[in-house]
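Student: Could we go through this structure together, taking helix packing, a pocket and the aromatic rings in turn?

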Amino acid sequence: MSLSYRIRQFRSAVRARITPAEYDLVRHLLTPAEQRLFHQMPHYDQRHCLDVYYTLVEAGEQDVFLLRAALYHDCGKVDDHGRPMALGWYVLATILKRWPALYLIAARLIAPIALYAGHAARGAKMAAAAGCPPEIVETIRHYHDPNPRGRAARLQWADEQN
């Protein structure tokens, strides 16, 4: 990802808005436990997850498990106390990812970077604890893998578009 892409992404996050119709969509598609995973994320992550969902729908995706997973795939960016990762840490993490060795060191030493680095596995655990279907849990667990397959690959594709 280029620096200009990340700057646009940051601006979009700061301006993130969700309409009442989009909240209705979430309420209609997700179980109450899944809705809690969605609502605990900050608005900028909710907006991002909705955008990933829309990208999949526009691509003709009809897999209900995948579409539901898209709506809360970043839920693992919330810490054990229910605090979301601050936007500034996102910026730092995405910059550090350009230097993998430095990123790995930072992920061991800086709690918010560790949260970011492990958010897919963490989100899968949160989804499993919330009683989400195994198909969704596995999709969230693997969408950041280097070579994901199936639903996880399609989620990774849509995530990278947003």
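Tutor: Before the packing, one definition is needed: axes are lines fitted to C-alpha atoms, for helices over the stretch in contact, and angles run from 0 to 180 degrees between N-to-C directions. Please keep in mind that this is a predicted model.

Student: At what angle do helix H4 and helix H11 pack?

Tutor: Helix H4 covers residues 43–58 and helix H11 covers residues 150–161. H4 passes H11 in a right-handed crossing, and the contact involves His48, Val52, Thr55 and Leu56 of H4 together with Arg154, Leu155, Trp157, Ala158, Asp159 and Gln161 of H11. These contact residues divide into five nonpolar, three polar and two charged. The axes lie 9 Å apart, and the packing angle is about 115°.

Student: Which helix gives the largest share of the lining of the second largest pocket?

Tutor: This pocket, with a volume of about 160 Å³, has a lining that includes Lys97, Tyr103, Arg141, His144 and Asp145. The elements that give two or more residues to this lining are helix H8 (111–117) and helix H9 (119–129). The largest share, three residues, comes from H9.

Student: Is the aromatic pair of tyrosine 23 and phenylalanine 38 stacked or edge-to-face?

Tutor: The count of aromatic pairs comes to four, and in this one tyrosine 23 belongs to helix H2 (residues 20–29) while phenylalanine 38 belongs to helix H3 (residues 32–40), 15 residues apart. The ring centres of tyrosine 23 and phenylalanine 38 are 6.4 Å apart, with 80° between the planes. Because planes over 60 degrees apart count as edge-to-face, the pair of tyrosine 23 and phenylalanine 38 is edge-to-face.

Definitions and conventions:
Residues numbered from 1 in each chain as written. Predicted model: local features only at pLDDT ≥ 70, side-chain atom pairs only at ≥ 80, totals over all residues. Heavy atoms only, no water. Helix = DSSP H or I, 4+ residues; strand = E, 2+ residues; numbered from the N terminus. Left-handed = near helix turned anticlockwise from the far one by under 90°. Contact = heavy atoms within 4.5 Å. Nonpolar A, V, L, I, M, F, W, Y, C, P; charged D, E, K, R; others polar. 1 Å grid on protein atoms, 1.4 Å probe; cavity = no way out; pocket = protein on both sides within 12 Å on 5 of 7 lines; lining within 4 Å. Points joined across faces, edges and corners; volume = space filled by probe spheres on them. Phe/Tyr/Trp six-rings, centres within 6.5 Å; stacked < 30°, edge-to-face > 60°.
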